[in-house]
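Take your time with each exercise, and try it yourself before you look at the solution.

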Number of protein chains: 2
Amino acid sequence: MSKLFEELQPILDKDMALNTALTLLDWDNKTLAPEKSIEYTAKVMGILSDEAFRSFVNPEVRAILAKLEEHKEELEDNEKAILKKLLKDYEKMEKIPPEENREFSELEAVAGGIWAKAKNNDNFAEFAPTLEKVIHFQKKFAGYRKKGDEKIYDIVLSDYEECFNTEMLDAFFNKVKEEIVPLIKEVSARRDQIDKSYNALSYDVKKQEEFGKYIAEYVGFDFKKGVLAASEHPFTTNLHNHDVRITTHYYENDLESSIFSVIHEAGHAIYEMQVADELTQTPVGAGTSMGMHESQSRFFENVIGRSEEFWTPLYPKLQETFKEQLADISLEQFIAGINKSVPSLIRTEADELTYTLHIIIRYEMEKMFMENEIDIMKLPELWNQKYEEYLGITPPSDKDGILQDVHWSLGAFGYFPSYALGSAVAAQIYYHIKSIMPFEEYLKEGNLAPIREYLKEHIHRFGMTKNTNEFLMEMMGEELNADYYVRYLKEKYTKVYGL
Amino acid sequence: MSKLFEELQPILDKDMALNTALTLLDWDNKTLAPEKSIEYTAKVMGILSDEAFRSFVNPEVRAILAKLEEHKEELEDNEKAILKKLLKDYEKMEKIPPEENREFSELEAVAGGIWAKAKNNDNFAEFAPTLEKVIHFQKKFAGYRKKGDEKIYDIVLSDYEECFNTEMLDAFFNKVKEEIVPLIKEVSARRDQIDKSYNALSYDVKKQEEFGKYIAEYVGFDFKKGVLAASEHPFTTNLHNHDVRITTHYYENDLESSIFSVIHEAGHAIYEMQVADELTQTPVGAGTSMGMHESQSRFFENVIGRSEEFWTPLYPKLQETFKEQLADISLEQFIAGINKSVPSLIRTEADELTYTLHIIIRYEMEKMFMENEIDIMKLPELWNQKYEEYLGITPPSDKDGILQDVHWSLGAFGYFPSYALGSAVAAQIYYHIKSIMPFEEYLKEGNLAPIREYLKEHIHRFGMTKNTNEFLMEMMGEELNADYYVRYLKEKYTKVYGL
């Protein structure tokens, strides 16, 4: 450690420790804590969050950061990356007046509940005033950080992915729309070609659990550094690179759901487990962005996990586990089943082909309401029009339409595009990896280690010290390019549907 | 809240939040965290502990406490109890020089590992230098707190139970020795009278888990406010009264072990769950002492859980669960089995009758080495002599002798007597409850609610605002009296062995 940095270290340590505790409290709350616990545990989390905020945003820390910035050239490389990250975080937090921040925290604390209730009652009007307030706060907060004629939406986009802005995303999404919407129509017309009724038979949950554990380990999830548990919605969280936790949800009448959740979350987890030891427990010791993270989970879930090569050695084991249900289902039928595409209303249940259309709809709406004044009550109608236009289906109700996702209630505008970016980056990495190693052979041999090793060496170990485009550029001499994604989807669905 | 107290509240809140986080980290570490996690999580725990210490032991807090003490009469009752507790804690911490405290923390961090290794290698000499240092620190720390001609051992005893001192414990243990040692000899001669070989048959662990969950709920453990998990050694922990967690360990060839662990830990848990809402998350919001806590767990485990009345409605369910193994074992045989007494080497496996002798041995040794200079290498011999004298058996090795317990490696001298006190208080409460309600009838009906309710009203809800003798005095007009315990053991074992 450089001499200069020593003054900052105790502050970073404390911040790390408080945030690790908060992460564990959150994990515990979602997986194990008893029903009535949260009432009092919420108080604990509130106090620790406040403490973390106050011990970071204060004049003493400001002065240390300023001094470090002045002597930047004397810092080691990782320290430079940490300083850059802290200055960015600091600027973001510092510009928001504390009382407005508290007001928003209070709104945030209830907004999720109001959204859930409105969704449950299938009544957008119940959520509308809250959504309006959340949008108002987020626009105001972004406004405080605005430089020159920067767009408000660009500011929040960059919180999730440094490389994002509306110009780049417009081009990206337009390309996808142009190429994929016609493909969806074609595939949609052939939807009855694939019968996957086997997937909705009854599958013993205990056996699903055992297979889930098996497949997590198979793709490279290290149980000496990780935990797999059950929760309402699947997620990944980590205390540090030696303690990364994933969850899934088992449904008796949906075999695929937990299998692909486990592979998806294991992809996130492998990223975190492979961050370098010298970076973990520092401010840059995790995956570099939401978009890059999602690229890793989708690479494992879709590129690897939905391929015939991956299942060639593995499918007999699944058949053996569920003899009764799968004895007559061939590997070919299973592969067709897990890649079946049907335009649907719910993003989280969407297949790989139609998924990005769900994102485009949200992106277009966010861009619109972050940049313009809107009549909040007109949003559901707009939502439904876009579903009709892009996916050919109209939500029969708000519950299956605009109320389906939690994100907006949390003020997480700009988050959705990272899901789509993840798919695109995954496809780009796929063509690159295929060009440098016998990818399909490895999958057929059940040997994923060289693939994981490559990702570790070129992405994972660096944590946040590089951004998405830097990674891509160094790996393949090219930044994000939507062509790969379009090519991937076309090749894949041409094959699946024999177009 | 009184006006004066408002200044203290943020300090208490922060302390509570940090300690709750530490409690969860510790629980997680013992039940769920992956094998390699602790390496980095230890750092998190160290930082949070330091933060808790530093935010409590500082001149600002000292000044607030002094001011509150000055205006004590203006405080509300619970605030007075909190102040008293804080002053006691403060005095204890303040008198230890920080650098010595840190030195001891460092020793403590390795001592457990050194003890475990020495135990594993069955070699006391490996642990001796560490034990010597731990004793040295604890004597020195107690010395800093010594007032007048107070005994060093009395100072550490009072940390675990306000009502403890050597004078009182000498009288208590002498009485027990005098009356119980002859009874043990008598019972020991008849050990073959009871056949409990059924207990070591093979019992499916999944079924044990199900029964464990059932019996926890049966005795009153509220799963909406609690969690039951598995760990190496059973324990209870709590974040607050709405989140109390117990563990057990399942052994395939020992049916009793997990059943009585669950009832024991549920007893601890019910105490914590019944602390008043206005006290939980305050410094006096938990069980009042180790001794009182142990009285509640033993009341549930032994007084209730090993009685024929308790098993009358329950035993058919156990038989049904383990048809093959228990079909031919009558309720009478089962009751005799769970109450069988055989002098043995290991405290944690001891039966109710011989248990206190294990404690007396440790008490006598602690008193000796806390008050006198000792030759550390002579301790194993002394240990073995005492086992021969009181229990009629000599440990064949240190592993089953002086190295069996973790407590001394942690510096927890004065802790052991609280286990014995717990048994005595449980017996005293038993005779009292029997005199005011149809105790046996309630057990036979499987109706434990009135018993729990009584304990809640007279003990649990008060948290630490009263001490053990105050509770006893208010319930039955009498302080701790060892006669009840002696009477209880005599009555019970006369019946079990038909003496």
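This is a predicted model: local features need pLDDT of at least 70, side-chain atom pairs count only at pLDDT 80 or more; totals for chains, interfaces and linings use all residues.

**Exercise 1.** Find how many residues each chain brings to the contact, and how much area the chains bury between them.

*Solution.* Start with the residues: chain A gives 39 residues and chain B gives 39 residues. Next comes the area, where chain A and chain B bury about 3,400 Å² between them. Of this, 67% lies on carbon and sulfur atoms. Finally, look at chain A's share: A:Lys36, A:Tyr40 and A:Lys224 supply 19% of the area that chain A buries against chain B, more than any other three residues.

**Exercise 2.** Count the salt bridges and the polar contacts across the interface, and check one salt bridge by distance.

*Solution.* The rule finds six salt bridges between chain A and chain B. To check one, go to A:Lys14 and B:Glu51, whose closest N and O atoms are 3.1 Å apart. The cut-off is 4 Å, so this pair counts. For polar contacts, the tally between the two chains is 16 residue pairs.

**Exercise 3.** Work out which elements of chain A touch chain B, and what classes of residue they meet it with.

*Solution.* First list the elements that each supply at least two residues: helices H1 (9–31) and H2 (38–56), and strands E1 (226–230), E2 (236–240) and E3 (243–248) of chain A. H1(A) gives the most, with 11 residues. Then sort this side of chain A by class: 17 nonpolar, nine polar and 13 charged residues.

How values were computed
Residues are numbered from 1 along each chain as its sequence is written. Chains are lettered from A and ligands numbered from 1 in the order in which they are written. Side-chain values use heavy atoms; hydrogens and water are left out. Contact means heavy atoms within 4.5 Å. Buried area is the accessible area (1.4 Å probe) that two parts lose on being put together, summed over both. A salt bridge is a side-chain nitrogen of Lys or Arg within 4 Å of a carboxyl oxygen of Asp or Glu. A polar contact is a pair of N or O atoms within 3.5 Å; within protein, one must be able to donate a hydrogen and the other to accept it, and residues adjacent in sequence count only if both atoms are side-chain atoms. Helices (H or I, at least four residues) and strands (E, at least two) are DSSP runs, numbered from the N terminus. Ala, Val, Leu, Ile, Met, Phe, Trp, Tyr, Cys and Pro count as nonpolar, Asp, Glu, Lys and Arg as charged, and the others, Gly among them, as polar.
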